[in-house]
Amino acid sequence: MIRININIGEVQKRLNFFRSLVKDTTPLMRAVAGIMLNSTKKNFAESGRPRWVESARAKREGGKTLQDSGLLLRSLESHSGRNYAMVGTNMKYAAIHQFGGKTRPHIIRPRDKGGLYWPGAAHPFQSVNHPGSKIPARPFLLLTTLEEKKIEQAAIKYLGDAK
(Lines give C-alpha, C1' and ligand atoms only; values in the text may rest on other atoms or scores of the structure.)
Protein backbone atom coordinates (compact mmCIF):
# COMPACT_ATOMS: atom_id res chain seq x y z
CA MET A 1 0.00 0.00 0.00
CA ILE A 2 1.27 3.43 -0.94
CA ARG A 3 0.12 6.38 1.08
CA ILE A 4 0.69 9.99 0.07
CA ASN A 5 -0.11 12.78 2.44
CA ILE A 6 -0.43 16.26 1.03
CA ASN A 7 -0.78 19.32 3.18
CA ILE A 8 -3.50 21.30 1.43
CA GLY A 9 -3.79 23.90 4.17
CA GLU A 10 -2.44 26.75 2.02
CA VAL A 11 -4.43 25.66 -1.04
CA GLN A 12 -7.58 25.36 1.06
CA LYS A 13 -6.95 28.81 2.49
CA ARG A 14 -6.71 30.29 -1.03
CA LEU A 15 -9.79 28.43 -2.21
CA ASN A 16 -11.74 29.75 0.77
CA PHE A 17 -10.46 33.26 -0.01
CA PHE A 18 -11.66 33.07 -3.64
CA ARG A 19 -14.96 31.59 -2.51
CA SER A 20 -15.44 34.60 -0.22
CA LEU A 21 -14.71 36.94 -3.15
CA VAL A 22 -17.40 35.53 -5.38
CA LYS A 23 -20.09 35.69 -2.69
CA ASP A 24 -20.65 39.36 -3.50
CA THR A 25 -19.57 40.40 -6.95
CA THR A 26 -21.71 43.56 -6.87
CA PRO A 27 -18.78 45.89 -7.72
CA LEU A 28 -17.73 43.68 -10.63
CA MET A 29 -21.29 43.35 -11.92
CA ARG A 30 -21.74 47.15 -11.73
CA ALA A 31 -18.60 47.56 -13.86
CA VAL A 32 -19.80 44.91 -16.33
CA ALA A 33 -23.21 46.59 -16.67
CA GLY A 34 -21.44 49.89 -17.37
CA ILE A 35 -19.29 48.30 -20.08
CA MET A 36 -22.39 46.74 -21.65
CA LEU A 37 -24.32 50.04 -21.58
CA ASN A 38 -21.41 51.94 -23.13
CA SER A 39 -21.12 49.26 -25.82
CA THR A 40 -24.82 49.56 -26.66
CA LYS A 41 -24.60 53.35 -26.88
CA LYS A 42 -21.57 53.00 -29.16
CA ASN A 43 -23.61 50.68 -31.40
CA PHE A 44 -26.11 53.52 -31.86
CA ALA A 45 -23.37 56.12 -32.41
CA GLU A 46 -21.77 53.99 -35.14
CA SER A 47 -25.08 52.75 -36.66
CA GLY A 48 -24.23 49.19 -35.66
CA ARG A 49 -21.08 47.12 -35.30
CA PRO A 50 -21.24 45.57 -37.88
CA ARG A 51 -23.13 48.35 -39.62
CA TRP A 52 -26.93 48.00 -39.75
CA VAL A 53 -28.95 47.93 -42.95
CA GLU A 54 -30.00 51.56 -43.42
CA SER A 55 -33.69 52.16 -42.75
CA ALA A 56 -36.01 53.55 -45.43
CA ARG A 57 -36.66 56.60 -43.22
CA ALA A 58 -32.94 57.33 -42.84
CA LYS A 59 -32.48 57.03 -46.62
CA ARG A 60 -35.50 59.24 -47.33
CA GLU A 61 -35.06 61.91 -44.65
CA GLY A 62 -31.41 61.65 -43.69
CA GLY A 63 -30.36 60.97 -40.14
CA LYS A 64 -29.46 57.65 -38.58
CA THR A 65 -31.17 54.28 -38.52
CA LEU A 66 -33.00 53.50 -35.23
CA GLN A 67 -32.65 57.15 -34.19
CA ASP A 68 -35.68 58.98 -35.57
CA SER A 69 -36.90 60.32 -32.21
CA GLY A 70 -34.10 59.00 -29.98
CA LEU A 71 -36.58 57.25 -27.68
CA LEU A 72 -35.03 53.80 -28.05
CA LEU A 73 -31.53 55.05 -27.21
CA ARG A 74 -32.79 57.12 -24.27
CA SER A 75 -34.77 54.15 -22.93
CA LEU A 76 -31.66 52.01 -22.40
CA GLU A 77 -31.00 51.11 -18.78
CA SER A 78 -28.39 49.06 -17.00
CA HIS A 79 -29.02 47.07 -13.83
CA SER A 80 -26.71 44.98 -11.70
CA GLY A 81 -26.66 43.09 -8.45
CA ARG A 82 -24.69 40.47 -6.55
CA ASN A 83 -24.56 38.03 -9.41
CA TYR A 84 -26.01 39.68 -12.50
CA ALA A 85 -25.41 42.51 -14.95
CA MET A 86 -27.86 43.48 -17.66
CA VAL A 87 -28.75 46.16 -20.17
CA GLY A 88 -32.15 46.50 -21.75
CA THR A 89 -35.10 48.66 -22.72
CA ASN A 90 -38.80 48.63 -22.03
CA MET A 91 -39.76 49.83 -25.52
CA LYS A 92 -42.19 47.34 -27.08
CA TYR A 93 -40.71 47.71 -30.56
CA ALA A 94 -37.12 47.03 -29.45
CA ALA A 95 -37.33 43.27 -30.04
CA ILE A 96 -38.24 43.53 -33.72
CA HIS A 97 -35.28 45.84 -34.28
CA GLN A 98 -32.91 43.59 -32.33
CA PHE A 99 -33.98 40.31 -33.95
CA GLY A 100 -35.80 41.37 -37.12
CA GLY A 101 -39.19 40.12 -38.24
CA LYS A 102 -42.39 41.14 -39.95
CA THR A 103 -45.00 43.54 -38.62
CA ARG A 104 -48.58 42.39 -38.79
CA PRO A 105 -50.92 43.63 -41.53
CA HIS A 106 -52.92 46.68 -40.50
CA ILE A 107 -55.19 49.43 -41.82
CA ILE A 108 -53.82 52.94 -42.18
CA ARG A 109 -56.40 55.69 -41.66
CA PRO A 110 -55.99 59.48 -41.94
CA ARG A 111 -55.24 61.40 -38.75
CA ASP A 112 -57.76 64.10 -39.53
CA LYS A 113 -61.06 64.07 -41.48
CA GLY A 114 -59.26 64.36 -44.81
CA GLY A 115 -58.08 61.40 -46.78
CA LEU A 116 -54.71 59.73 -47.32
CA TYR A 117 -52.78 61.09 -50.27
CA TRP A 118 -49.22 60.76 -51.52
CA PRO A 119 -47.47 61.90 -54.69
CA GLY A 120 -48.52 59.63 -57.55
CA ALA A 121 -51.85 58.59 -55.97
CA ALA A 122 -54.84 59.00 -58.27
CA HIS A 123 -57.02 60.40 -55.49
CA PRO A 124 -57.24 60.56 -51.68
CA PHE A 125 -58.12 57.33 -49.88
CA GLN A 126 -60.17 56.85 -46.70
CA SER A 127 -57.95 53.91 -45.65
CA VAL A 128 -55.20 51.70 -46.99
CA ASN A 129 -54.59 48.03 -46.20
CA HIS A 130 -50.93 47.73 -45.27
CA PRO A 131 -49.58 44.18 -45.71
CA GLY A 132 -46.95 44.54 -42.96
CA SER A 133 -43.29 45.40 -43.23
CA LYS A 134 -40.23 43.19 -43.16
CA ILE A 135 -37.79 44.63 -40.62
CA PRO A 136 -34.18 43.44 -40.87
CA ALA A 137 -32.34 42.60 -37.64
CA ARG A 138 -30.36 45.56 -36.35
CA PRO A 139 -28.79 44.19 -33.16
CA PHE A 140 -28.05 47.05 -30.80
CA LEU A 141 -27.68 44.89 -27.66
CA LEU A 142 -24.40 43.45 -28.84
CA LEU A 143 -20.87 43.24 -27.46
CA THR A 144 -17.80 43.28 -29.67
CA THR A 145 -14.64 41.35 -28.82
CA LEU A 146 -13.23 44.63 -27.46
CA GLU A 147 -16.00 44.86 -24.85
CA GLU A 148 -15.62 41.18 -24.03
CA LYS A 149 -11.93 41.86 -23.32
CA LYS A 150 -12.88 44.86 -21.17
CA ILE A 151 -15.20 42.63 -19.12
CA GLU A 152 -12.44 40.05 -18.76
CA GLN A 153 -10.02 42.79 -17.62
CA ALA A 154 -12.59 44.09 -15.14
CA ALA A 155 -12.91 40.59 -13.65
CA ILE A 156 -9.13 40.20 -13.40
CA LYS A 157 -8.86 43.64 -11.76
CA TYR A 158 -11.67 42.78 -9.35
CA LEU A 159 -9.93 39.58 -8.25
CA GLY A 160 -6.55 41.32 -8.09
CA ASP A 161 -7.86 44.21 -5.97
CA ALA A 162 -9.44 41.81 -3.51
CA LYS A 163 -6.08 40.45 -2.30
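Is Trp52 buried or exposed at 8% relative accessibility? In this predicted model, Trp52 counts as buried, because its relative accessibility of 8% falls under the 20% cut-off. Phe44 is likewise buried, with a relative accessible area of 0%. The rings of Phe44 and Trp52 form an edge-to-face aromatic pair, with 5.6 Å from centre to centre and 80 degrees between the planes. Together with Phe140, these two residues make up one aromatic cluster.

A search of the whole structure returned three aromatic pairs. One of them joins Trp118 and Phe125, whose ring centres are 5.3 Å apart; the planes meet at 10 degrees, so this pair is stacked. Trp118 counts as partly exposed, at 40% relative accessibility, and Phe125 is also partly exposed, with a relative accessible area of 28%.

The largest nonpolar core contains 17 residues, of which Leu28, Phe44, Leu66, Leu72 and Phe140 touch the most other members. Helices H2 and H6 each supply at least two residues of this core, and H2 gives the most, with seven residues. In soluble globular proteins, nonpolar side chains tend to be buried together. Beyond its neighbours within four places in sequence, Phe140 is in contact with both of its partners in the aromatic cluster, Phe44 and Trp52. The contacts of Phe140 also include Leu66, Leu72, Leu76 and Ala94, as well as Thr40, Asn43, Thr89, His97 and Gln98.

Helix H6 covers residues 145-161. The buried residues of H6 are Glu147, Ile151, Ala154 and Tyr158. These residues lie on the same side of the helix, because they cover an arc of only 55 degrees around the axis. The face turned away from this buried side carries the exposed residues Thr145, Lys149, Gln153, Ile156 and Lys157.

Tyr158, one of the buried residues of H6, is touched by Thr25. Thr25 is located in the loop between helix H1 (9-21) and helix H2 (26-45). At 10% relative accessibility, Thr25 counts as buried. Residues up to four places away in sequence aside, Thr25 also touches Gly81, Arg82 and Asn83.

Note on methods:
Residues are numbered from 1 along each chain as its sequence is written. This is a predicted model: local features need pLDDT of at least 70, side-chain atom pairs count only at pLDDT 80 or more; totals for chains, interfaces and linings use all residues. Side-chain values use heavy atoms; hydrogens and water are left out. Helices (H or I, at least four residues) and strands (E, at least two) are DSSP runs, numbered from the N terminus. The expected span of a helix is 1.5 Å times one less than its number of residues. Buried means under 20% relative accessible area, exposed over 50%, partly exposed in between (1.4 Å probe, protein chains only). The arc is that of the directions from the helix axis to the C-beta atoms. Contact means heavy atoms within 4.5 Å. Rings of Phe, Tyr and Trp (its six-membered ring) pair if their centres lie within 6.5 Å; planes under 30 degrees apart count as stacked, over 60 as edge-to-face and the rest as tilted. A nonpolar core is a set of buried Ala, Val, Leu, Ile, Met, Phe, Trp, Tyr and Cys residues joined through side-chain atoms within 4.5 Å.
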